[in-house]
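User: I am new to this structure and would like to go through it step by step. Could we begin once it is on the screen?

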Amino acid sequence: MNWMLILFIVLAFAAVLTAIGLLVSRNAIYAALFLALNFGTVAVLYLMLGAPFIALAQVTVYAGAIMVLFLFVIMLLGADKLPRGEVLPWQRPLAIGLAVILLGEAGFLLFHRLRLTVALENPGAEFNTLQAVQELGMTLFSQYLLPFEVTSVLLLVAMIGAIVLTKKEKGEQA
Amino acid sequence: MENLGTIPLSGYLALSAILFAMGALGVLIRRNALIIFMSVELMLNSANLVFVAFSRYYKLLSGQIFVFFVMTVAAAEVAVGLALIVAIFKSKHSIDVDQMSSLKG
């Protein structure tokens, strides 16, 4: 029995179902929790692909930091439910049609043009668990050192931007 | 360990395409700005999955490093985007994107 394939199919179904849950849930908190579950399943997929560092970064950065930020803002604003106002009647079917077209184009490119139906063989020595993290660190701090440093500037700019956007203006009363 | 079996690359690519299309659908049909934001995160995440799958396929680590940078950009984007949503909520008392139809608050 091909256990990895069964595991992959189960995880893929879980990822797609949680994405559907994100789309259809009325309450924003449920949507955020579905998205956290989706990030978790994708993290397990990264582990199966032999990327343990990325899997753990996914759990800490996405499922940890980003989702906590989302939930914090949802609860801060009390914006978990929107009143059901007027909706453009043609918007939903049109959007579903456009998404199906997007999916069809992606499928056409992947399966017809590229013919990428090859199987991923078992990872070599460079993708072994500890070795992979070591190699990743070496590459990150030698070949990609400058982009890594620029990343810190990006995070600083984002931090300053968030503070400037939310601080009170002079003379404004709360 | 040799008997673990293999998964075709196309499986990962198909899953990623489905997740990306659902993220795009979420951006189109939802009106809650926070859920639109979450759908954008879903699309970024599906792109990351393709990066890691191709990194495994070509046996190059650069794909995984690029995922690392995409995660950084996503974190920065969420910080600024949520600050924007909070600022809009302060002036409009709603995060319905239909309400954000005027340029001047």
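User: Which residues does B:V52 touch, not counting those up to four places away in sequence?

Analyst: This is a predicted model. In it, B:V52 touches A:Y46, A:L49, A:A51 and A:I54 in chain A, and B:G63, B:Q64 and B:V67 in chain B.

User: Which residues have the most contacts inside the largest nonpolar core?

Analyst: They are A:A32, A:L35, A:Y46, B:L34, B:M38 and B:V52, in a core of 68 residues. Two or more residues come from each of α1, α2, α3, α5 and α6 of chain A, and likewise from α1 (9-29), α2 and α3 of chain B.

User: Which element gives the most to this core?

Analyst: That is α1(B), with 12 residues. The core also draws at least three residues from each of domain 1 (1-79) and domain 2 (124-164) of chain A.

User: How far apart do the C-alpha centres of those two domains of chain A lie?

Analyst: The centres of domain 1 and domain 2 of chain A are 22 Å apart.

User: Now the contact between chains. How many residues are in contact?

Analyst: On the chain A side there are 76 residues, in contact with 60 residues of chain B. At least two residues of that chain A side come from each of α1 (3-24), α2 (28-48), α3 (52-77), α4 (91-113), α5 (129-142) and α6 (145-166). By type, the chain A side divides into 59 nonpolar, 13 polar and 4 charged residues.

User: Let us turn to B:I65. Is it buried or exposed?

Analyst: B:I65 counts as buried, because it has 22 C-beta neighbours inside 10 Å and the cut-off for buried is 20 or more. This residue lies in helix α3 of chain B.

User: And what is B:I65 in contact with, leaving aside its neighbours within four places in sequence?

Analyst: Its contacts are A:L136, A:T139, A:L140 and A:Y144. Within chain B, the C-alpha atoms of B:I65 and B:S55 are separated by 9.5 Å, and the two residues are 10 apart along the chain.

User: What about B:K59: where is it found?

Analyst: B:K59 sits in the loop between α2 (33-57) and α3 (62-92) of chain B. Its phi is positive, at about 55 degrees, although B:K59 is not a glycine. Most residues other than glycine have a negative phi. B:K59 is partly exposed, because 13 other C-beta atoms lie within 10 Å.

User: Lastly, what does the model score?

Analyst: The scores are ipTM 0.88 and pTM 0.87. Chain B averages a pLDDT of 85, and 92% of the residues score at least 70.

Definitions and conventions:
Residues are numbered from 1 along each chain as its sequence is written. Chains are lettered from A and ligands numbered from 1 in the order in which they are written. This is a predicted model: local features need pLDDT of at least 70, side-chain atom pairs count only at pLDDT 80 or more; totals for chains, interfaces and linings use all residues. Domain bounds come from an automatic or database domain assignment. Helices (H or I, at least four residues) and strands (E, at least two) are DSSP runs, numbered from the N terminus. A residue is buried if 20 or more other C-beta atoms lie within 10 Å of its own, exposed if 12 or fewer, and partly exposed in between; C-beta atoms are placed from the backbone. Two residues are in contact if their C-beta atoms, placed from the backbone, lie within 7 Å. Ala, Val, Leu, Ile, Met, Phe, Trp, Tyr, Cys and Pro count as nonpolar, Asp, Glu, Lys and Arg as charged, and the others, Gly among them, as polar. pLDDT is the predictor's confidence in each residue, from 0 to 100. A nonpolar core is a set of buried Ala, Val, Leu, Ile, Met, Phe, Trp, Tyr and Cys residues joined through C-beta atoms within 7 Å.
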